[in-house]
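Subject: Structure handover

Hello,

Here is the structure I promised to pass on to you. Please open it next to this email, and my notes on it follow below.

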Amino acid sequence: MGADLLMAGNSQRRGRTTGAGKKTATAGTGGKNRRSLAGRGATPPAAERYGHPAQRKAQAAERQRTDRARARQRAEESPELLLGRNPVVEALRAQIPATALYVVTGDTTRGGTDERITEALALAADRGLPLLEVGKGEFDRMSQGALHQGIGLQVPPYEYAHPEDLLDIAHDSGRAPLLVALDGVTDPRNLGAVVRSAAAFDAHGVVVPQRRAVGMTASAWRTSAGAAARLRIARAVNLPRALGTYQDAGLQTVGLAGDGDVDLHDYDGFADPVALVVGAEGTGLSRLVREKCDVVVRIPIGRDTESLNVSVAAGIALYQAALVRGSSAAR
């Protein structure tokens, strides 16, 4: 009897049998166990595992990048102090925008001992700029320990144009568009010098990237010698995309590089709408920007010279463009 019950229990677990000894169908799980049988897949990277040291390190690095980006944005949105007697006088002579002139207490009364301070005070007064006297300790903190020589000019944040605004400016001029795009230039003096050359040779504007590039700082203003007040500078969130927009508008994008395919004086397209693209100091044109160039030209130089300064190269190319266009600036 016990054996019969055991056999019956085994048959229930193994499935019913027919008279011919074949098993009948048993009740399934309805797919409930399929997920467990499938496994969990590949192990995620350590930086994506919750609580893993690598994840905490990655999160800390991301927070640092965010903090640096916010700091850069705050710096760009706040006024800048141009320090030093020569830089301040030169900036005031060039009529760069300014909101106040700071002088360390006592230096106004001793202005006669340094003609640069005397001139700075006179130029600021002619423009109606507020004169603010501060103590030396306070001004040291304001200038973050930089050499200030007892004087500083407060420069407001630059108001950038949109890249497409430069096309409107060119259209209103009645001349074929000539724009200059700078790919990752980080030295404000180079930016200011390029702006100065662009204004001298009748370009319609300059475009700079929003990231990994210098903007119109007080130093760039000063180097431009006032040209930035006459020529609009635009800032592009994505420079290759901005160049694509210019191409859609009928401009030919002309890159400038030491290993270009065509000599500058052999390129015959400067009479047409052009966007001249200049690379960064040392690294030149980035890959994505170079791929957006319709042609890349080079300036022939002596073999003993490795390369030209960014602003010098841009000035030579802009002179060539003005020469081809018959501009009075190149005569």
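Two strands are called paired if DSSP finds at least two bridges between them. Helices (H or I, at least four residues) and strands (E, at least two) are DSSP runs, numbered from the N terminus. This is a predicted model, in which local features need pLDDT of at least 70 and side-chain atom pairs count only at pLDDT 80 or more, while totals for chains, interfaces and linings use all residues. Residues are numbered from 1 along each chain as its sequence is written, and side-chain values use heavy atoms, with hydrogens and water left out.

Seven strands form an open sheet in the order 7-6-5-10-8-11-9, with parallel pairing. Strand 7 (233-236) and strand 9 (262-263) each have a single partner strand, so at these two edges one side is left without a neighbour in the sheet.

Strand 10 deserves a look of its own. Strand 5 (residues 178-182) runs parallel to strand 10 (residues 274-278), and five bridges join them. Leu 179 stands opposite Ala 275 of strand 10, and Val 180 has Leu 276 as its bridge partner. Strand 8 also pairs with strand 10 in the parallel sense, over five bridges, with Val 254 opposite Leu 276. Five of the five residues of strand 10 are buried (under 20% relative accessible area; exposed is over 50% and partly exposed in between, with a 1.4 Å probe and protein chains only), so this strand is largely enclosed by the rest of the structure. Val 274, Leu 276 and Val 278 point one way from strand 10, whereas Ala 275 and Val 277 point the other way.

Two helices lie across the sheet strands (contact means heavy atoms within 4.5 Å; axes are lines fitted to C-alpha atoms, for helices over the stretch in contact, and angles run from 0 to 180 degrees between N-to-C directions). Helix 8 (residues 188-200) lies across strand 5, strand 6 (205-209) and strand 7, at about 175° to strand 5. Helix 10 (residues 239-248) runs at about 165° to strand 5 and lies across strands 5, 6, 7, 8 (252-256) and 10.

Next, the rings. The whole structure holds five aromatic pairs (Phe, Tyr and Trp rings, the six-membered one for Trp, with centres within 6.5 Å; planes under 30 degrees apart are stacked, over 60 edge-to-face and the rest tilted). Among them, Tyr 158 and Tyr 160 are edge-to-face, at 4.9 Å centre to centre and 70° between the planes. Tyr 158 is buried at 13% relative accessible area, and Tyr 160 is partly exposed at 26%. Another edge-to-face pair is Phe 201 with Tyr 319, with centres 5.7 Å apart and planes at 75°. This pair links distant parts of the chain, 118 residues apart: Phe 201 is in the loop between helix 8 and strand 6, and Tyr 319 is in helix 12 (residues 310-325). Ring pairs also link Tyr 158, Tyr 160 and Trp 221 into a cluster.

Finally, Ser 311 is in helix 12 and is buried at 13% relative accessible area. Ser 311 touches Asn 190, Ala 193 and Val 194, not counting residues up to four places away in sequence.

Happy browsing!
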